[in-house]
Amino acid sequence: MAGKNAAVPVNNHNRPTRVKIDRSDMVIRGITYVVVAIFSFFCIMPFWMIVASSFSSEAAIRRSGFTLWPAEVDTYSYYLLFRSPDQMIGAYLVTIGLTLVGTLIGLFIISMTGYALQRPDFPFRNGIMFYIYFTSLFSAGLVPFYLLITQTLNLRDSYLAILLPLLMSPWLIVLMKNFTKAIPHAITESGKIDGANDFTIYLRLILPSMKPALATVGLFLALSYWNEWYYSSLFLTSKTTYRPLQFHLYNVINKVASLKNSVAGSNVIIENLPGETLKMATAVIATGPIILLYPFVQKYFVSGLTVGAVKG
Amino acid sequence: MEKEKVLNRSLPRVTGTQRFIRNVKQSRILLLMCLPAVIFFFVFSYMPMPGAYIAFTNFQYNKGIWGSPFVGLQNFRFLFISGQLSLLLKNTVLYNLAFIVVGNVVQLAFAIMLNEVRNRYFVKVTQSLMFLPYFISDVLVSLLVYNLLNYDYGFVSNLVRSAGGVMPKLYQNAGAWPVIIVLVNLWKGTGYGTVVYFAAITGIDTSMMEAAQIDGANGWQRIRYITLPCLKPTVVILFLFAIGGILKGNFGLFYNLVGNNSMLFGTTDIIETYVYRAMMNSFNFAQSSAVGLFQSVVGFFIVLGANALVKRIEPDMALF
């Protein structure tokens, strides 16, 4: 299911039987090509606009707005960002650190739990699964959670307040469990016969054979860390100097003061700051890596969806 | 299973406790493997639960949850009488209904259409392009929308003006946002949903298609009499699960698009955004948690109902 071929499901019935193609088939295909192509165009057009705007001069935008092609090519806002890269580099390091550490720890716990919970000879599997699943059906709400983090655990302005809550979710554990089901129980049995304990079986026999599952769940985790701004907005105050990338971008977009700070030390008077292009350039730098990586990782998401989405 | 039976018989009279202890001993390593996750959910999900008591207090931050005076249902009463709760409920439910209906119709249509296309390359490329918006943060989405709709510099604003039209100031115009938000949500979710339905179509027995084709069924007929009926269970179940989450809003999307622009709250404020603002901006912890608790409890029963319906239709698909 999660093999390379399943990554982008392409239906190939009627390939050998070349039955006559009648007119309604042609109409459907024609409509499909047009509609899907237009929609796909609109899916990437806004990204292109951000890039184009970021390379435009501020004056051109003030004059004729955002355009599909910069009226005057100008890299001034990139120059500003790279001349005082402190904020951006800090944000990058924080985000990369959180993504790496969070994804690795999360993957380890999720895969271990997912494997244990699908073992048919584990008498507590249903109980623990319900214990975990119940949390997605009922929650105390935002306020008690906020007080837990800020008062009980005292994690305000700590990166742990972002790292910990994103480590796992019931949905990812169910997804992992469904993936692991495909591994034959005989592997576990053979390990048992050799006298290995359950953890060794998981580590030595199961983990190496679940690479597609690890890739998919790992990418879901990595994406949630990379795109994180929500917990940052709840728990990081102005005392935290370096914010995760997307939260940095959020502040640059929404707060004039942050826009100024983002190029602090460049000795530009606020009125002269290229506000619009600076926002766009920050967005390009903050989102660039995920767009560049996208073509390589996308197939793992698709395979993950086909395994886990219908039975969330 | 067999082994267990034999063991049971060989031991005289195993009580429940003894059996439990034996199970724990036998599977202690598997239990230990689950321990990190169990602790995680205990700390981050179960520990806050008693804190829902805040909804029944006049919460004061320095006095803590249990030191604040108990006021009974006063917070809820206020929310009902002021009309705040009904507005939030109305917005949340209507947006979700629009998302579910518009989203699923488009996703289903796209999946079926892509299934009729024989050009693998076209399918692959367009699927990748349509999936892209799913990968980006809501922060960036808000910037994309700003880029298009901003009154002074927006791309669409310019198009409208150069075509001689009058561009409304959308960021001050509450009536326009339900349309904008539904469109943005569609833009973000179509690729994802199309993949799910496409996978479901791929699962349809191809021999049915071939038989229909040999019998001379054309494209419309194959869609109408094979693809759609075969997809019906999937559609119904996804629909029911979506209804189960009808009180849950997409906080990131709404908060980034609207933020603290109070001119738009009438048509855009959903439960999540209200809860967040009441806590973070007005420090009204009690009312915020009252709304949150209302959402959790009512939402819980809606999920139970939806799951019961799913269980009736397709027992294997039920959540529990």
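Before I show anything, a definition: two residues are in contact if their C-beta atoms, placed from the backbone, lie within 7 Å. Helices here are DSSP runs of H or I with at least four residues, and strands are E runs of at least two, numbered from the N terminus.

What you see is a predicted model, in which local features need pLDDT of at least 70 and side-chain atom pairs count only at pLDDT 80 or more, while totals for chains, interfaces and linings use all residues. Residues are numbered from 1 along each chain as its sequence is written, with chains lettered from A and ligands numbered from 1 in the order in which they are written.

On confidence, pLDDT is the predictor's confidence in each residue, from 0 to 100; chain A has a mean of 85, with 86% of its residues at 70 or more. Residues 1–10 of chain A, however, stay under 50, and for them the model has 24 contacts beyond four places in sequence.

Now the interface, to which chain B brings 87 residues and chain A brings 89 residues. On the side of chain B that touches chain A, helix α3 (residues 28–46) of chain B gives the most, with 12 residues. That side divides into 57 nonpolar, 26 polar and 4 charged residues, where Ala, Val, Leu, Ile, Met, Phe, Trp, Tyr, Cys and Pro count as nonpolar, Asp, Glu, Lys and Arg as charged, and the others, Gly among them, as polar.

Let me stay with α3(B), which spans only 23 Å between its end C-alpha atoms, whereas a straight helix of 19 residues would span 27 Å at 1.5 Å a residue; the expected span is 1.5 Å times one less than the number of residues. At Leu35(B) the helix α3(B) bends by about 40°, and Pro36(B) follows within four residues, the bend being the angle between axes fitted to the seven residues ending there and the seven starting there.

Which residues of α3(B) are buried? They are Leu30(B), Met33(B), Cys34(B), Ala37(B), Phe41(B) and Ser45(B), where buried means 20 or more other C-beta atoms within 10 Å of a residue's own, exposed means 12 or fewer, and partly exposed lies in between, with C-beta atoms placed from the backbone. These buried residues pack against α4 (86–118), α5 (125–137), α8 (170–181) and α10 (198–206) of chain A.

Take Leu30(B) as an example: it counts as buried because it has 25 C-beta neighbours inside 10 Å. Leaving aside neighbours within four places in sequence, Leu30(B) is in contact with Ala116(A), Arg119(A), Phe122(A) and Asp198(A).
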